[in-house]
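Please keep the sequence and the model at hand while reading.

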Amino acid sequence: MIETETVTVLLLALLCLTAIAVVRMRSLWAAVMLMGIYSLLGASWMLLLDAPDVAFTEAAVGAGISTVLALATLALTTTRAKEPVHAPWLPLAVVTVTGAALVYGTIDMPRVGDPNSPANSYPHPSYVERTEEEIHIPNVVTAVLASYRGYDTLGETVVIFTAGLGVLLLLRGTRSRSPEDEAREVDGGVEPEARAGAGPGAEAAEARDVGSGEEQDRRGASSA
Amino acid sequence: MTGQTILRVVSKLLLPYILLFALYVQFHGDYGPGGGFQAGVIFAAGFVLYALIYGLAAVRRLAPPRLVEVVLSIGVLIFAGTGVATMLLGGKFLEYGVLVPEHPAEGQHYGILVIEFGVGVTVAAVMIAIFSTFAGRGRA
């Protein structure tokens, strides 16, 4: 049987390697893929630390959704990073000092699983002891998230809701301009509502969008 | 990617299991790892896979943007509404114990199930909305 420490060291070494590879990579597609691998390695490491709930989230969000979103962004922008304009010495110095400060900060952190650490000794009696009696569910993480810290979770849900709303408001209205749009603008015919993505203009824009999607599908099918 | 037979068939086989797994993670979160957040993301991942293979238009037919926008806010309403319901029943905001007065622990259990469902609904809808907005942007 392999020791947990060995696996931890291996995973952390791979994490460092992936991070260095991402920084040195000029092709953004490859960098995004490597970021997904980075998240997956991070998730595996969290699993070793007995935090399956966090590992689960990291695997689903970090390796899954963020990768897809980053790829979607690349499809709209560019796939190669620009060559750096100036020498990297100042950023390198800032990063090194910050990193050293963070490592220094970990020196007085308690050891993993230390029963006397603040996280394990406060509040007393701990949620681990109370959950069984007060909530009757085995997963203490869920009990803390949904019940003891229900306000925080409501706040987080509202944050996600706000993020979704922000993306919809920012990106849905202002789409990249097609030749038709330009032509209409020359005619002086684009109302402000249509631009903002509200009112009847938005529906028309959506219909056009679905239509063009289908068109693209057909083109894909015929070219294959 | 509409001409790729293997991808189409394999993803079609996988999709129901991805959605089922999301539901399992959603409603089994009290017993094992998981909960609304993870379940919502996995559920949305099913839609993302569908969009990647069958095109964004197929997903928009399945989950029209207007519907997704409504669902996105319903999740938050379920969560906050549970809090209001417990207040109306005489407890504090989000004090699930009052849902089943004779057995507070059971009330906690119900409350957690309901609010986790709210979280899952919002997260899934937001992820689908963000993805389809990003993916649909370059096409018009």
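## Terms and numbering

Helix axes are lines fitted to C-alpha atoms over the stretch in contact, and the angle between two axes runs from 0 to 180 degrees between their N-to-C directions. Helices (H or I, at least four residues) and strands (E, at least two) are DSSP runs numbered from the N terminus.

The model is predicted: local features need pLDDT of at least 70, side-chain atom pairs count only at pLDDT 80 or more, and totals for chains, interfaces and linings use all residues. Residues are numbered from 1 along each chain as its sequence is written, while chains are lettered from A and ligands numbered from 1 in the order in which they are written.

## Chain A

Chain A has 11 helices and 0 strands. Of its 224 residues, 17% count as buried. A residue is buried if 20 or more other C-beta atoms lie within 10 Å of its own, exposed if 12 or fewer, and partly exposed in between, with C-beta atoms placed from the backbone.

Helix α1 (residues 4-24) of chain A packs with α2(A) at an angle of about 160°, and their axes are 9 Å apart. That makes α1(A) roughly antiparallel to α2(A). The angle classes are as follows: under 35 degrees is roughly parallel, over 145 roughly antiparallel, 65 to 115 roughly perpendicular, and the rest oblique. The crossing of α1(A) and α2(A) is left-handed, a term for a near helix turned anticlockwise from the far one by less than a right angle, with clockwise giving right-handed.

## Chain B

Chain B has 5 helices and 0 strands. Its C-alpha atoms fill a box of roughly 60 × 30 × 20 Å along the principal axes. Of the 140 residues of chain B, 49% count as buried.

Helix α5 of chain B covers residues 104-137, which is 34 residues. From its first C-alpha to its last, α5(B) reaches 49 Å, close to the 50 Å expected at 1.5 Å a residue. The expected span is 1.5 Å times one less than the number of residues in the helix. α5(B) is mostly covered, with 26 of its 34 residues buried.

## How α4 and α5 of chain B pack

Helix α4 of chain B (residues 65-88) packs with α5(B) at an angle of about 155°, and the two axes are 8 Å apart. α4(B) and α5(B) are therefore roughly antiparallel to each other. Their crossing is left-handed.

By class, the contact of α4(B) with α5(B) has 17 nonpolar, 6 polar and 1 charged residues. Here Ala, Val, Leu, Ile, Met, Phe, Trp, Tyr, Cys and Pro count as nonpolar, Asp, Glu, Lys and Arg as charged, and the others, Gly among them, as polar.

## The largest nonpolar core

A nonpolar core is a set of buried Ala, Val, Leu, Ile, Met, Phe, Trp, Tyr and Cys residues joined through C-beta atoms within 7 Å. The largest one has 58 residues, and those that touch the most other members are B:Val41, B:Ala44, B:Ala51, B:Val126, B:Met127, B:Ile128 and B:Phe131. Two or more residues come from each of α3 (52-76), α7 (140-148) and α8 (150-173) of chain A, and from α1 (5-27), α2 (36-54), α3 (56-62), α4 and α5 of chain B. α5(B) gives the most to this core, with 15 residues. In soluble globular proteins, nonpolar side chains tend to be buried together.

## Single residues

A:Asp50 is in the loop between α2 (28-48) and α3 of chain A, and B:Leu94 is in the loop between α4 and α5 of chain B. Is each buried or exposed? A:Asp50 is exposed, because 10 other C-beta atoms lie within 10 Å. B:Leu94 is buried, because 22 do.

B:Gly120 is in helix α5 of chain B and is buried, with 30 other C-beta atoms within 10 Å. B:Gly120 and B:Gln26 are 94 residues apart in sequence and 7.0 Å apart in space, C-alpha to C-alpha. In helix α1 of chain B, B:Leu20 is exposed, with 12 other C-beta atoms within 10 Å. B:Leu19 is also in helix α1 of chain B, but B:Leu19 is partly exposed, with 16.
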